[in-house]
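The sequence and the coordinates are shown first, and the discussion begins directly after them.

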Amino acid sequence: MREHTAEAKRFYKSTAWRKCRASYIATVLGGLCEHCHQVPGYIVDHIKEINSKNINDPNITLNHDNLQY
């Protein structure tokens, strides 16, 4: 598992991310993994990875279309 940068750690602790994550989980298959549809999911992951160039872009970081569970 990759180590997050300090900037990413701040983002993942932010209220905006926590609210976005919770609202995304609430919309996903009753909390099941989007890939296997059988076991509960536990990680919300960005499809397009966040990096130092896009971490402040809510269209990447807080967009449900860029998330998977």
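In this predicted model, the largest nonpolar core is made up of twelve residues, namely Ala8, Phe11, Trp17, Cys20, Tyr24, Val28, Val44, Ile50, Ile55, Ile60, Leu67 and Tyr69. Two elements, H1 and H2, each give two or more residues to this core, and H2 provides the largest share, with three residues.

Helix H2 covers residues 15-27, a run of 13 residues, and extends 19 Å from its first C-alpha to its last, which is close to the 18 Å expected at 1.5 Å a residue. Within H2, the residues Trp17, Cys20 and Tyr24 are buried. Viewed down the axis of H2, the buried residues fall within an arc of 65°, and therefore they line one face of the helix. Just after H2, Leu29 adopts a positive phi of about 35°.

Trp17 deserves a separate description. This residue is buried, with a relative accessible area of 4%, and, once its neighbours within four places in sequence are left aside, Trp17 is in contact with Phe11, Tyr12, Val44, His46, Thr61, Leu62 and Leu67. A search of the whole structure finds three aromatic pairs, and two of these pairs involve Phe11, as set out below.

| Pair | Centre to centre | Angle between planes | Class |
|---|---|---|---|
| Phe11 and Tyr12 | 5.1 Å | 65° | edge-to-face |
| Phe11 and Trp17 | 5.4 Å | 45° | tilted |

Phe11, Tyr12 and Trp17 together form one aromatic cluster.

The cysteines can be considered next. How many disulfides does the count come to? The count comes to zero, where a disulfide would require a pair of cysteine sulfur atoms within 2.5 Å. For Cys20, the closest cysteine sulfur is that of Cys33, and because this sulfur is 18 Å away, it is too far for a bond. Cys33 is likewise in no disulfide, the nearest cysteine sulfur being that of Cys36, at 4.0 Å. Both Cys20, at 8% relative accessibility, and Cys33, at 14% relative accessibility, count as buried.

Is Asn66 buried or exposed? Asn66 has a relative accessible area of 8% and is therefore buried, the cut-off for that class being under 20%. Asn66 is placed in the loop between H3 and S2. When its neighbours within four places in sequence are left aside, Asn66 is in contact with Asp45, His46, Ile47, Lys48 and Ile60. Of these, Ile60 is one of the residues of the largest nonpolar core, and His46 is also among the contacts of Trp17.

Note on methods. Residues numbered from 1 in each chain as written. Predicted model: local features only at pLDDT ≥ 70, side-chain atom pairs only at ≥ 80, totals over all residues. Heavy atoms only, no water. Helix = DSSP H or I, 4+ residues; strand = E, 2+ residues; numbered from the N terminus. Expected span 1.5 Å × (residues − 1). Buried < 20%, exposed > 50% of the residue type's maximum accessible area, 1.4 Å probe, protein only. Arc of directions from axis to C-beta. Phe/Tyr/Trp six-rings, centres within 6.5 Å; stacked < 30°, edge-to-face > 60°. Contact = heavy atoms within 4.5 Å. Core = buried A, V, L, I, M, F, W, Y, C linked by side-chain atoms within 4.5 Å.
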